[in-house]
Amino acid sequence: MYVTAAILSVLLALATLAAGAPKALLKGDVSAGLQSHMGLSAGLVRFIGLAEVAAAVGLIVGLFWQPLGIAAAIGFALTMVGAVGFHARAGDYADPATRGNAMAPFALIALSVATAVTLGLAM
């Protein structure tokens, strides 16, 4: 079970780092889109990015101390639940042009839950 937990933790850590780093640095289209399309402030976008980067660090450290990895996976899942809410409020699920990108948080929630469960079982 630990091997599965390690694989899921690394995959989720890479995803959170890839999602969070541009937001933390306020670089790229995603950060600009969050500010213009979603109406988020630059400070909030940076905070979300830093939280995602912290989740990546927590997931890697969680390979050695599972409670931290579980907390990081759950925290990231909650962040993605918030993302679903923001996408819903912006009408992204009704618009075919934005629906594809708006579906990513659902996949990341599933990966986060699977990671937390396998880390818990590996303890």
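Reader: Which helix does Leu121 lie in?

Author: Leu121 lies in helix α6, residues 104-122. A helix here is a DSSP run of H or I with at least four residues, numbered from the N terminus. By the way, this is a predicted model, where local features need pLDDT of at least 70, side-chain atom pairs count only at pLDDT 80 or more, and totals for chains, interfaces and linings use all residues. Residues are numbered from 1 along each chain as its sequence is written, and side-chain values use heavy atoms, with hydrogens and water left out.

Reader: Why does Leu121 count as exposed?

Author: Check the cut-offs: buried is under 20% relative accessible area, exposed is over 50%, and partly exposed is in between, using a 1.4 Å probe and protein chains only. Leu121 has 57% relative accessibility, so it counts as exposed.

Reader: And what makes Ala54 partly exposed?

Author: Ala54, which lies in helix α3, has 46% relative accessibility, so it falls in the middle class.

Reader: Why is Lys23 called buried?

Author: Its relative accessible area is 10%, so Lys23 is buried. Lys23 is found in helix α1. Leaving aside neighbours within four places in sequence, Lys23 is in contact (heavy atoms within 4.5 Å) with residues including Val30, Leu34, Ile48 and Glu52.

Reader: What makes Lys23 and Glu52 a salt bridge?

Author: The rule asks for a side-chain nitrogen of Lys or Arg within 4 Å of a carboxyl oxygen of Asp or Glu. In this pair the closest N and O atoms are 3.1 Å apart, so Lys23 and Glu52 form a salt bridge. The pair links distant parts of the chain, with Lys23 in helix α1 and Glu52 in helix α3 (residues 42-61), 29 residues apart. Both Lys23 and Glu52 are buried, and the structure holds 1 salt bridge.

Reader: How are two packed helices described?

Author: By the angle between their axes and the distance between the axes. The axes of helix α1 (residues 2-25) and α6 come within 8 Å and cross at roughly 145°. Those axes are lines fitted to C-alpha atoms, for helices over the stretch in contact, with angles running from 0 to 180 degrees between N-to-C directions.

Reader: Which residues of α1 and α6 meet?

Author: Among them are Tyr2, Leu8 and Leu12 in α1, and Leu108, Leu111 and Leu119 in α6.

Reader: How far apart are Ala54 and Ile7 in sequence and in space?

Author: They are 47 residues apart in sequence and 18 Å apart in space, C-alpha to C-alpha.

Conventions
Helix = DSSP H or I, 4+ residues; strand = E, 2+ residues; numbered from the N terminus.
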